[in-house]
Amino acid sequence: MCGIIGFAGKAEAVPVLLDGLERLEYRGYDSAGIAVVSEDGALQVKKSKGRLSVLQKLLETQEPLSGNIGIGHTRWATHGEPNDTNAHPHVGQGGKIAVVHNGIIENYLEIKQSLMRKGFVFSSDTDTEVIVQLLEYYYRKKSDLLEAVYDVLNRIKGAYALGILCSDFPDQIVAARKDAPLLIGYGEDGNYIASDATALLAHTRTVTYMEDDEVAVLTAEGVRIFDGDRSLLEKEKHTIEWDVSAAEKCGYAHFMLKEIMEQPEAVRKTISCRIADKEIVLEELKDAKELLKNISRIYIVACGSAYHVGMVGKYALEKLLHIPVEASLASEFRYSEPLLGESALVIVISQSGETLDSMAALREAKRKGSRVLSIVNVMGSSIARESDYVLYTWAGPEIAVATTKAYTTQMVLLLLLGVYLAKQSDIIVREEYGKIVGEFQKLPEKISAVLNNLKDYQKSASRYFNHNSVFYIGRNVDYALGLEGSLKLKEISYIHSESYAAGELKHGTISLIEPGTLVIALAMYEPLAEKTLSNIVEVRSRGAEVIAITTELTAQLIGSQSSELFVLPETHPLLQPVLGVIPLQLFAYYVALNRGCDIDKPRNLAKSVTVE
Ligand code: M6R
């Protein structure tokens with residue numbers, strides 16, 4: 001949720017920190033701050049409510065901070081409203097120690113009260129201030145910063161990625177993590193900590209992923225990483241493949257539009273290394289046959305858009321594998337006593353690989369003896385590391401809060417997995433298999449064809465952007481797509497919107513349809529297009545305006561009953577939702593643009609949700 005950056009090097013720290021924060025701002029953006037230790041050993045802190053640009057202005061207009069070592073933070077508020085005081089870094093009572101934190105400290109109240117009894121005075125409402133004051137307390141007692149850090153980590157409960165500066169050690173940053181992402185970057189001019197790799201691409205691609213309970217000490221010269229027992233570790237270094245431009249707008253007005261337009265290429269990357277000689281090859285899942293023998297049910301667990309992918313997957317995988325498949329919201333999963341155990345395969349889908357609810361579901365599944373396969377975009381993320389099998393989407397960094405290319409590639413990969421497993425267990429006939437594989441390969445070009453009609457969606461959005469309420473209807477996979485279309489619209493344009501299984505509308509919600517209500521009818525799933533048509537007629541008779549999305553197969557049928565019609569290229573019915581989501585993304589984007597919304601950073605949201 002929050003973004004953390006830290007730099008210990010030879011160059012001035014402030015520009016490095018601000019550049020890193022700019023790239024991390026999508027993780028949270030209600031306040032920002034930095035702390036730097038100056039050459040003469042003074043801890044200097046600047047922080048401010050609002051976007052990073054407010055902090056940048058502050059730094060330009062006030063006496064500049066200077067030093068070669070510092071930490072920075074961009075916040076998504078949990079404890080305490082977004083204001084200057086609650087912004088990070090938080091500083092200990094003695095004015096020597098500063099801390100930035102991503103995560104939540106669950107027992108902060110108990111610790112706060114105990115410290116207050118000892119005379120500590122708190123200035124913010126945050127759980128993070130408890131960390132820094134507790135650190136101050138132990139540091140005073142032991143005069144050993146690292147020992148004091150371990151004492152703090154033993155006392156706090158919850159999730160954290162921490163960056164710590166202490167002016168008594170003006171050349172050191174101490175970092176620690178548990179259940180929140182943190183990686184170390186090794187650069188030529190110094191070393192870094194960051195919440196994710198996008199913050200480091202301009203400086204280095206060589207990184208190490210910190211694991212839970214590890215503590216790192218960084219200086220300009222090197223990095224030492226210790227485990228929970230204080231033993232020095234030899235950690236593997238990884239090379240990030242993404243280049244800097246992948247995390248830049250490259251002339252687009254918004255990251256969201258750039259990422260929408262990147263979908264043909266992203267899908268190509270997802271499939272190209274996994275289809276050879278007309279065969280799906282999943283190197284990551286060599287023991288698929290063995291795995292399938294023991295599996296009698298599948299759970300697909302995820303949050304938000306990734307859950308919507310899971311819903312499409314449910315329909316597809318049940319059809320392909322002939323076993324029960326349930327799509328489950330990760331936040332509900334572990335509290336609903338799912339039928340886990342060795343005979344259940346749990347598929348976790350997560351772009352960031354850090355979503356706390358999905359992570360918790362994964363751990364619950366493993367604890368109960370199920371195998372976990374994850375579909376993840378961010379390499380080395382927690383979900384990827386803790387899964388038995390990982391399929392990476394290879395979509396490249398996704399910066400806009402509203403997911404687009406990650407969603408599409410997750411869906412492609414899940415469908416590819418379904419077809420692969422069906423082949424491994426000899427359920428799918430050769431001819432059908434060949435047809436689907438061929439269609440997978442044509443997806444990039446068909447997505448491009450949909451994107452070529454971008455102007456039509458732009459026009460449609462400028463006609464309808466003033467509506468206060470929008471309904472999406474569809475059946476089967478079209479219903480799952482409607483959920484995604486509706487979420488996209490809500491999150492970036494703030495228009496109230498709902499998605500309904502088309503046949504369900506008449507059981508209550510149709511009472512909301514009145515003359516002029518906008519209904520987006522999805523009728524791409526050909527076997528049920530006629531049924532959906534009946535529901536379109538029902539809303540039309542009550543005065544609704546209907547934008548319909550179909551394929552060439554059913555265009556005539558559906559077109560007769562709609563105010564506007566978009567016709568998509570056809571593909572195999574299983575893959576149709578991959579194309580079907582593109583118009584929904586474009587429509588949401590242009591509606592939000594017309595309404596003057598902050599598209600890449602919608603209010604109240606953050607890119608990766610690391611709180612429950
Ligand atoms: O990183 P994840 O895929 O686990 O994130 C899950 C959801 O938070 C995410 O899909 C969210 O719904 C999207 N930002 C919506 O566009």
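Trainee: Where does Pro89 sit in this one?
Mentor: Keep in mind that this is a predicted model. Pro89 is in the loop that runs between strand E4 (69-75) and strand E5 (90-91).

Trainee: And what is the peptide bond from His88 to Pro89, cis or trans?
Mentor: The bond from His88 to Pro89 is cis, and its omega is near 0°. For background, most peptide bonds are trans.

Trainee: Where is Asp213, then?
Mentor: Asp213 belongs to the loop between strand E11 (206-209) and strand E12 (215-218). Its relative accessible area is 41%, so Asp213 is partly exposed.

Trainee: What about the phi of Lys278?
Mentor: Lys278 has a positive phi too, about 60°, and it is not a glycine. You'll find Lys278 in the loop between strand E15 (275-276) and strand E16 (279-280).

Trainee: Is Lys278 buried or exposed?
Mentor: Lys278 counts as exposed because its relative accessibility is 62%, and the cut-off for exposed is over 50%.

Trainee: Switching to helices. At what angle do helix H7 and helix H14 cross?
Mentor: The axes of H7 (residues 263-272) and H14 (residues 430-451) cross at roughly 175° and come within 8 Å. Angles over 145 degrees count as roughly antiparallel, so that is how H7 and H14 run relative to each other.

Trainee: Which residues make the contact?
Mentor: From H7, they are Gln263, Pro264, Val267, Arg268 and Ile271. H14 brings Phe440, Gln441, Leu443, Pro444, Ile447, Ser448 and Leu451.

Trainee: How many of the residues in the contact of H7 with H14 are nonpolar?
Mentor: Eight are nonpolar, with three polar and one charged making up the rest of the contact.

Trainee: Now the ligand. How many residues surround it?
Mentor: There are 14 residues around the ligand, and the closest are Ser350, Gln351, Ser352, Thr355 and Glu491.

Trainee: Which atoms of Gln351 and the ligand pair up?
Mentor: A backbone N or O atom of Gln351 is 2.6 Å from an oxygen atom of the ligand. With Thr355, an N or O atom in the side chain is 2.4 Å from a ligand oxygen atom. Val401 has a backbone N or O atom 2.7 Å from a nitrogen atom of the ligand.

Trainee: What about Ser358, buried or exposed?
Mentor: Ser358 counts as buried, at 1% relative accessibility. Ser358 is part of helix H11 (residues 356-367). Setting aside residues up to four places away in sequence, Ser358 touches Ala302, Cys303, Ala330, Val348, Ile349 and Ile383.

Trainee: And which helix has Ser305?
Mentor: Ser305 is in helix H9 (residues 304-321), and with a relative accessible area of 8% it is buried. Beyond its neighbours within four places in sequence, Ser305 contacts Thr403, Tyr407, Glu484, Leu487 and Lys488.

Trainee: Last one: where is Ile240, and what does it touch?
Mentor: Ile240 lies in the loop between strand E14 (238-239) and helix H6 (255-261). Ile240 is buried, at 7% relative accessible area. Not counting residues up to four places away in sequence, Ile240 touches Ala197, Leu201, Arg205, Val207 and Tyr209.

Methods: Residues are numbered from 1 along each chain as its sequence is written. This is a predicted model: local features need pLDDT of at least 70, side-chain atom pairs count only at pLDDT 80 or more; totals for chains, interfaces and linings use all residues. Side-chain values use heavy atoms; hydrogens and water are left out. Helices (H or I, at least four residues) and strands (E, at least two) are DSSP runs, numbered from the N terminus. Buried means under 20% relative accessible area, exposed over 50%, partly exposed in between (1.4 Å probe, protein chains only). Axes are lines fitted to C-alpha atoms, for helices over the stretch in contact, and angles run from 0 to 180 degrees between N-to-C directions. Angles under 35 degrees count as roughly parallel, over 145 as roughly antiparallel, 65 to 115 as roughly perpendicular and the rest as oblique. Contact means heavy atoms within 4.5 Å. Ala, Val, Leu, Ile, Met, Phe, Trp, Tyr, Cys and Pro count as nonpolar, Asp, Glu, Lys and Arg as charged, and the others, Gly among them, as polar. A residue is near a molecule or strand if one of its heavy atoms lies within 4 Å of it. A polar contact is a pair of N or O atoms within 3.5 Å; within protein, one must be able to donate a hydrogen and the other to accept it, and residues adjacent in sequence count only if both atoms are side-chain atoms.
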